[in-house]
Amino acid sequence: MRVLVTGAAGFIGYHTAARLLDRGDEVIGLDNLSPYYDVTLKEARLARLQGRNGFRFLKADLAEREIVEAAFAEEKPDRVVHLAAQAGVRYSLDHPHAYIDANITGFLHVLEGCRHYGIEHLVYASSSSVYGANRKLPFKVSDNVDHPVSLYGATKKANELMAHSYAHLFGLPVTGLRFFTVYGPWGRPDMSLFQFTRKIFEGRPIPVFSYGHHARDFTYIDDVVEGVVRTLDCVATPDPDWRGEDPDPASSSAPYRLYNIGNHSPVTLLDYIAVIETEVGRKAELEMLPAQAGDVPETYADVEALRDAVGFEPSTPIEEGVKHFVAWYRDYYRV
């Protein structure tokens, strides 16, 4: 297939593009190389892709309508994996406009491209952040998610609603993937594993919010990519059992599906730090702090729907995943 991967210089986008190339697909990678975090890391990921057969890169901003239209018209992808976004819960507190431009306007332009150019299947990144104020665990895709606690989470919920409207109106097959705290080699410097590892190596204190008691469903990157690729191959179809009298939020009478991609095994932040300490070989200095605005106490994915649909569920233990990350970090930063 010829697959358009947006956010191809990003963490998940880079790994997804590499996996698609491994199996022989053509990949058109699109990214605006946003300076939200270290651009040199994005360029290093991109350099590894650009040396491979079957890969083309387009530097473009999805908020620019004409540029996106031209990309669809000229490249003619068969399917789209939309991973570009303005990420981060805390950044959204002070930079709200960036989330509307990237996550709402940019996604609209992707939907329009898919609609007008006959895309066979759109798979897009949602987030565990959509669960917001929900406290019933584990989180199920059939749960109501109408109470976001961050603008980032609200934009991801909006993406799911926008995708459903295009599936309903135009028959566009769409699949949304709610990712749960993705980590691994080539990860994002703004995320906890990267920050904690760096600070332990540098001998600086680690800020530990919620006093380390909140838990996350840390999900290794290889598991996430496996889920992305399997769902890309499993084109969304209407659910024949769907009823408007008792609507299931995760499916529809339109070709629309939602899946969680999480390790379904929450780990407290203090336990996570202990694993990092073991791999780095040093103890961390902890600065215990209260919860930050937009934080949730725990995330925990129910992956039954994913398992039933594509025969896969994430399973990499954090000890293995953190080991791979720290080995990559030592090599990349020469520490």
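**Figure 1. The largest nonpolar core of the predicted model.** In this predicted model, the largest nonpolar core comprises 61 residues. Val 5, Ile 12, Phe 179, Tyr 183, Tyr 272, Ile 276 and Val 322 have the most contacts inside this core. Helix α1 (residues 11-22) gives the most to the core, contributing seven residues. Another core lies apart from it and has 36 residues, including Leu 4, Phe 139, Val 141 and Ala 254.

**Figure 2. Surroundings of Tyr 183, one of the residues with the most contacts inside the largest nonpolar core.** Residues up to four places away in sequence are not counted in this view. Among the residues that Tyr 183 touches are the aromatic residues Phe 11, Phe 218, Tyr 220 and Tyr 272. Contacts are also made by Tyr 183 with Leu 193, Thr 219 and Ile 221. Further contacts of Tyr 183 include Thr 316, Pro 317, Ile 318, Gly 321 and Val 322.

**Figure 3. The aromatic pair of Trp 186 and Tyr 332.** The whole structure holds 27 aromatic pairs. One of them joins Trp 186 and Tyr 332, whose ring centres are 5.3 Å apart and whose planes stand at 70 degrees to each other. The arrangement is edge-to-face, because the angle between the planes is over 60 degrees. Trp 186 belongs to the loop between β7 (182-183) and α6 (192-202), whereas Tyr 332 belongs to helix α10 (residues 318-333), so the pair ties together parts that are 146 residues apart in sequence. Trp 186 is buried, with a relative accessible area of 9%, while Tyr 332 is partly exposed at 27% relative accessibility.

**Figure 4. The aromatic cluster that includes Trp 186 and Tyr 332.**

**Figure 5. Charged side chains over aromatic rings.** The charged end of Arg 115 is placed over the ring of Phe 170, at 3.9 Å from the ring centre. Lys 42 lies over the face of Tyr 37, and the distance to the ring centre is 4.6 Å.

**Figure 6. The second largest pocket and its lining.** This pocket holds about 310 Å³ of space. It is lined by 15 residues, of which Val 141, Ser 142, Asp 248, Ala 250 and Ala 305 are the closest to its centre. At least two lining residues come from each of β11 (256-261) and α9 (304-310). The most is given by α9, with four residues of the lining. Val 141 is also among the residues of the 36-residue core.

Notes: Residues numbered from 1 in each chain as written. Predicted model: local features only at pLDDT ≥ 70, side-chain atom pairs only at ≥ 80, totals over all residues. Heavy atoms only, no water. Phe/Tyr/Trp six-rings, centres within 6.5 Å; stacked < 30°, edge-to-face > 60°. Buried < 20%, exposed > 50% of the residue type's maximum accessible area, 1.4 Å probe, protein only. Lys NZ or Arg CZ within 6 Å of the ring centre and 35° of its normal. Core = buried A, V, L, I, M, F, W, Y, C linked by side-chain atoms within 4.5 Å. Contact = heavy atoms within 4.5 Å. 1 Å grid on protein atoms, 1.4 Å probe; cavity = no way out; pocket = protein on both sides within 12 Å on 5 of 7 lines; lining within 4 Å. Points joined across faces, edges and corners; volume = space filled by probe spheres on them.
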